[in-house]
Amino acid sequence: MSAIETATPSTVLDQEVTRDRFAAQPDISRLGERLIGACFNASGIDTRHTVIAELSAEDTKEPPVFYDRESGELLNPGTQVRNDLYIRAAPGLYCEAAELALKASGGFAASDVTHVITVSCTGFFAPGPDYLLVRRLGLTPSVQRYHIGFMGCYASFPALRAAATICAAEPEAVVLVVSAELCTLHVRTSNDPDQIVASSVFSDGAAAAVVSGRRPSTRQPALSLDHFETVLTPTGEDDMAWTIGDHGFDMVLSTYVPHIIDENIAAAMAPLFASDSVLASRPYSDVDRWAIHPGGRSILDKVESTLNLSADQLAPSRQVLRDYGNMSSATVLYILAHILRQPASAPERVCAMAFGPGLTVESALLTKEPGA
């Protein structure tokens, strides 16, 4: 990967303000109010972003759809209303992230792109985001297009794996991978603990990467995609799920997920490290940098303690969680972008990992090349 760039909506949610807004809803019980306070306060998040402009500090003066400013009530629009906003808001984020990635790629232009892979689990439209990128960025009409939909937080890994496979088969290929997730479209008030956890962490954002076997015209830091692994844990199918309901997509993010990860993370990492002759017999802490999808702070805590990692090794993941929250599949690309920008004088090994419905663990080993 010669470049990774990101794009976020302009509306910023302060975590404390958002906590108080959810806790003040008329249908929230006393127990629900306490759970909201506990989940939001322990989230490790300061700010998030959303495409729902009604939630901004400024009065949009539009008829309320998601939030009634006068009453302070969070509304519950139907799935079509939520998806309509996805259709209006997602294209700009897809295109912004993609254009930034191409500009930062060290010489690859829109005309060089041979394949497009888009990723999202938070909305639908057709012709889809892969199509609109071709039209709006002026890509060659014959570009091969793929869309990875509804796989959840780990979906950028299959996208990057597909890009690596394409480049291995076609050395001249230039693959544009773009993820855009508008998770806040589906957040709602609830006394259910799983919904409260989801409300406390999910957010919106987009990220794009340029993947190629060709060297760009300028030597700059890059990430080589060395190896990928997929593991299904023995349990967890009901603890992380994503279905479509009448009032948006129903998110399940159980408070039991950190426990499942704690019990299974070492076994899930074993095949990834076994694939590398240098790392196979070494402790996990010997990997220079880690990009762990921050499904929540407790998940990062479990990974850090179970794998005996240092606070510095998880610092990029915690920073992205603190500043942006959980943007589903786009989040790990934000973390890798952060790692790619850090100065380095020699090659560094990177381990990336994300968790999603199933419970599925996707992981990858990468090498950061420092550039010229």
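Student: Are F22 and F40 buried or exposed, and how should I read those words?

Tutor: Buried stands for under 20% relative accessible area, exposed for over 50%, and partly exposed for values in between, with a 1.4 Å probe and protein chains only; F22 and F40 are both buried. The model is a predicted one, in which local features need pLDDT of at least 70 and side-chain atom pairs count only at pLDDT 80 or more, while totals for chains, interfaces and linings use all residues. Residues are numbered from 1 along each chain as its sequence is written, and side-chain values use heavy atoms, with hydrogens and water left out.

Student: How many aromatic pairs does a search of the whole structure find, and what describes such a pair?

Tutor: A pair of aromatic rings is described by the distance of the centres and the angle of the planes. Rings of Phe, Tyr and Trp (its six-membered ring) pair if their centres lie within 6.5 Å, with planes under 30 degrees apart counted as stacked, over 60 as edge-to-face and the rest as tilted. The search of the whole structure finds 10 aromatic pairs. In one of them, the ring centres of F22 and F40 are 5.8 Å apart and the planes stand at 40°, so this pair is tilted. Because F22 belongs to helix α1 (residues 15–23) and F40 to helix α2 (residues 30–41), the pair ties together parts that are 18 residues apart in sequence. Helices (H or I, at least four residues) and strands (E, at least two) are DSSP runs, numbered from the N terminus.

Student: Where do F124 and F249 lie, and which kind of pair do they form?

Tutor: F124 and F249 form a tilted pair, with 5.8 Å from centre to centre and 55° between the planes. F124 is in the loop between β6 (115–120) and α4 (129–137), whereas F249 is in strand β12 (residues 248–253), so the pair ties together parts that are 125 residues apart in sequence. F124 is partly exposed, at a relative accessible area of 40%, while F249 is buried, at 2%. One aromatic cluster takes in F124, F150, W242 and F249.

Student: Which ring has the charged end of R21 over it?

Tutor: A charge sits over a ring if NZ of Lys or CZ of Arg is within 6 Å of the ring centre and within 35 degrees of the ring normal. Here the charged end of R21 sits over the ring of Y67, at 4.4 Å from its centre.

Student: How many residues of helix α10 are buried?

Tutor: Helix α10 (residues 331–341) is mostly covered, with 10 of its 11 residues buried; among them are V332, L333, Y334, I335 and H338.
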